[in-house]
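Have a look at the structure, then read on.

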Amino acid sequence: MKNIFLVFLISLLVFGAIEVYAGECGPVPTDGCTVTRSTTFNAGTYNLPSGIGLLGSDITLDCSGSLLQGTGSSGPNGIAIEGGSGNTVKNCKVSGYVNGIRLTSTAHSNSLIQNYVSSSNGHGVSLDRSHRNIIAHNIVINNRLDGIEPFNSNGNLIYDNNFTNSLNI
């Protein structure tokens, strides 16, 4: 009985440690990882069907021109900023998600700078009750619905972007 408990405890520690490690995005993102501190990705193409999340405040995500590739079907957001303020997402190429980049209702005063968002099954950039953000110098192209969807969002500064082949800006 003592040996079974020991094996169980060791298994719990090993699998728990792997899960925590796999959850945080590092320089090489993994599917479904979360950015909780400033991170720079190694340049490359990453197949991430579940996308990535950014959770916290005052975090910079620099994708270094990396392509984050979804499945192209109905699925999650490419990059989901789920709260916080003072975050910056820059130099990301995002393609093949429901929404390329989405800021939720508690994400305010963030910046999306020099990103390329394409082939979303929904919106290129979705602002869902998200206020006082800066969306600048982005290319948002060939998205099924709006290039940018500012749903119940106020005080956002949107300038010097290229919206092409989307229904609306």
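1. Let's start with a bit of geometry: the link of C25 and C33 is right-handed, with 90° about the S-S bond. Keep in mind that this is a predicted model. The S to S distance in the C25 to C33 disulfide is 1.9 Å. Buried or exposed, these two cysteines? C25 is buried at 2% relative accessibility, and C33 is buried at 0%, the cut-off for buried being under 20%.

2. On to the other cysteine pair. C63 and C92 are bonded as well, with sulfur atoms 2.1 Å apart. The torsion about their S-S bond is about 70°, so this disulfide is right-handed. C63 sits in the loop between β5 and β6, and C92 in the loop between β9 and β10, so the bond ties together parts 29 residues apart in sequence. Both C63 and C92 are buried.

3. For the bookkeeping, the structure has two disulfides. Counting bonded cysteines along the chain, the pattern is 1-2, 3-4.

4. Now the charges. How many salt bridges does a search of the whole structure find? It finds two. R102 and D128 meet in one, at 2.4 Å from N to O. That pair links distant parts of the chain, with R102 in strand β11 and D128 in strand β15, 26 residues apart.

5. D128 also forms a salt bridge with R129, where the closest N and O atoms are 3.4 Å apart. Shared partners join R102, D128 and R129 into one network. As for accessibility, D128 is buried at 11%, while R102 is partly exposed at 22% and R129 is partly exposed at 37%.

Definitions and conventions:
Residues are numbered from 1 along each chain as its sequence is written. This is a predicted model: local features need pLDDT of at least 70, side-chain atom pairs count only at pLDDT 80 or more; totals for chains, interfaces and linings use all residues. Side-chain values use heavy atoms; hydrogens and water are left out. A salt bridge is a side-chain nitrogen of Lys or Arg within 4 Å of a carboxyl oxygen of Asp or Glu. Helices (H or I, at least four residues) and strands (E, at least two) are DSSP runs, numbered from the N terminus. Buried means under 20% relative accessible area, exposed over 50%, partly exposed in between (1.4 Å probe, protein chains only). A disulfide is a pair of cysteine sulfur atoms within 2.5 Å.
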